[in-house]
Amino acid sequence: ALSQQAFCAEDDRGSVSAHRAAAPQKIASVTKLFTTLLALEAFPLEQTWTTTFTLSADRLHISGGKDPWFEEEKILALVDALRSRGVTKLREITFDQDFHFEDSNLQSFTVLGPQTVTLALRRYFTPSGRLTTAGLGNRAEALANMTELNVQFPLPSVGISTQSVRFSATNPVSAIPGAIVLTHRSRSLKTIIKAMNVYSKNKIAQNLWDLSSGLIKREEVFARRGIPVKEINLRTGSGLPITTPSRFDNTASCQAILKLLSAIELRARELNIEREEIVGLGVDLGTLQDRFRDDLPVKEAIMAKTGTIRNASTIAGWIDADKPYRFALLNQVSSPASARIFQDKFISLWMSYAGSPQARVYHPVQLYPLDGIFMDQHHTVAHR
C-alpha cells in the first residue's frame, strides 16, 4: 500500500521530490549511515584499537582494546599465532570487559556480555583442541571471504586445547615470571566504517555506536548537522530490532535521511576524503553485489546503504549523474526480496528521466580485518 511506503530525492540544487517525506518508517540497516556520521565525529580517520595478549607457559589473558571489528578471522589468526609459538595447550584463558569478540550472525540486538564472549571463545579453545562444528563453519565462511577478496592468511583447522575460559576484570597472567606481552592493532576507523557499510556488519555498527556515545552526544551531533531529531527514533547502531520485552525497530523519516546524507557529504569534505572511502558502491562486493545487475550504468554510479528486516526493505544514498541526487526508498512490505527488485527497477526508471548516470572513478581497497601479521609486537613482562 502506498500509505506504507516513502520515497524522497534531492538534486544538487536542493530540489526535492517526495512521497510521505515526513512519515516515520522502519529503516533497518540504513541506520548504519547514522552510525557512520557519529563515528566520523567522535574519532580521527586513522584511529585504531589495540588488543593486548599476556601469555605464560599455560595461561593467556586478553586485554581488549574495544576493537570494533574482532570476529572469527582474528580468533583463528590468534590460534595460528599461538601455535606458531609452540602453544598447543592452555590451562586457562581469561579476558576483560573491553574484549568485544562476537562470531555469530545476529538477527536481533544482543548485549555482548562475558557469557556470550566465553561461549564464542569456546568454539576455538576446547578441551580436545578441536574446533567445534560452529567454529569449523565460521572458518569455512572466513576462507570463502578470503577467496572472494583475494587475500591470504593462515586460518588453522584445529584449535588449542584449553581447560578453562572465563572473564577476569584484572590480568592474572601479568604477575607470572617470564610472561610475554603481544599486541594486535586493528585496521583504521576509515576501513572499519567502509567494511561495516559494504557488508552491513551489525556488531561493528553497534560497537561504533557505543564507543562514539561515550565521547559525543548523538542528538547534539544530529541537530548541529541539520538532521531533524524529532523525526528519528534510534535505539541501536546497527538497525537490528530489539525484541525484548517487545519489538522495537529503528525509524526515521525520508527527509531526515536526506539531511543525514548531506551531513555525511559535508563531514567527508571536512576530512578531505571521498564518500566512496566510507560507503559501499554498486560495484563493491557485499550487500550491493547482486543489485542493479540489469542496469550497469546505474550500478557503476550508485553509492548506497541497504537494509532488510522483517516486513521492511530500505536503500539510501547517492547517484552520480548529469544531475547528482541524494535519495531514500523506505518500503514496508510483506516480501523484502520483492521490494529489492522493485527498488532496482524504480531507481533505474527514475534515472532514465533524471539524467544519465556517471560511473565513479574508484579503486577498491582491501576490506579484510587483518592487515599484515596478526601479532606485531612483543616484550617480556617486567617484574620488580
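Which side chains meet in a salt bridge at 2.7 Å, N to O? The side chains of Asp103 and Arg123 do. A salt bridge here is a side-chain nitrogen of Lys or Arg within 4 Å of a carboxyl oxygen of Asp or Glu. Asp103 lies in the loop between strand S6 (89-95) and helix H3 (114-121), and Arg123 in the loop between H3 and H4, so the pair ties together parts that are 20 residues apart in sequence. By this rule the count comes to 23 salt bridges.

The model is predicted: local features need pLDDT of at least 70, side-chain atom pairs count only at pLDDT 80 or more, and totals for chains, interfaces and linings use all residues. Residues are numbered from 1 along each chain as its sequence is written, and side-chain values use heavy atoms, with hydrogens and water left out.

Helices (H or I, at least four residues) and strands (E, at least two) are DSSP runs, numbered from the N terminus. An open sheet is formed by 3 strands in the order S3-S10-S9, with antiparallel pairing. Two strands pair if DSSP finds at least two bridges between them. At the edges are strand S3 (24-26) and strand S9 (232-233), each pairing on one side only. S9 is joined to strand S10 (residues 251-253) by 2 bridges. Asn233 stands opposite Thr251 in S10.

Two pockets were examined. A pocket is an open set of points on a 1 Å grid over the protein atoms alone, where a 1.4 Å probe fits, with protein on both sides within 12 Å along at least five of seven lines; lining residues have an atom within 4 Å of a point. A volume is the space filled by probe spheres set on the points, which are joined across faces, edges and corners.

The largest pocket holds about 610 Å³ of space. Of its 24 lining residues, the closest to the centre are Glu71, Asn105, Glu141, Tyr199 and Lys201. Helix H2 (72-84), helix H4 (133-149) and helix H6 (202-213) each give two or more residues to this lining. H4 gives the most, with 5 residues.

The second largest pocket has a volume of about 330 Å³. It is lined by 21 residues, and Ser29, Ser200, Gly307, Thr308 and Ile309 are the closest to its centre. Strand S11 (302-309) and strand S12 (312-319) each give two or more residues to the lining of this second pocket. S11 gives the most, with 4 residues.
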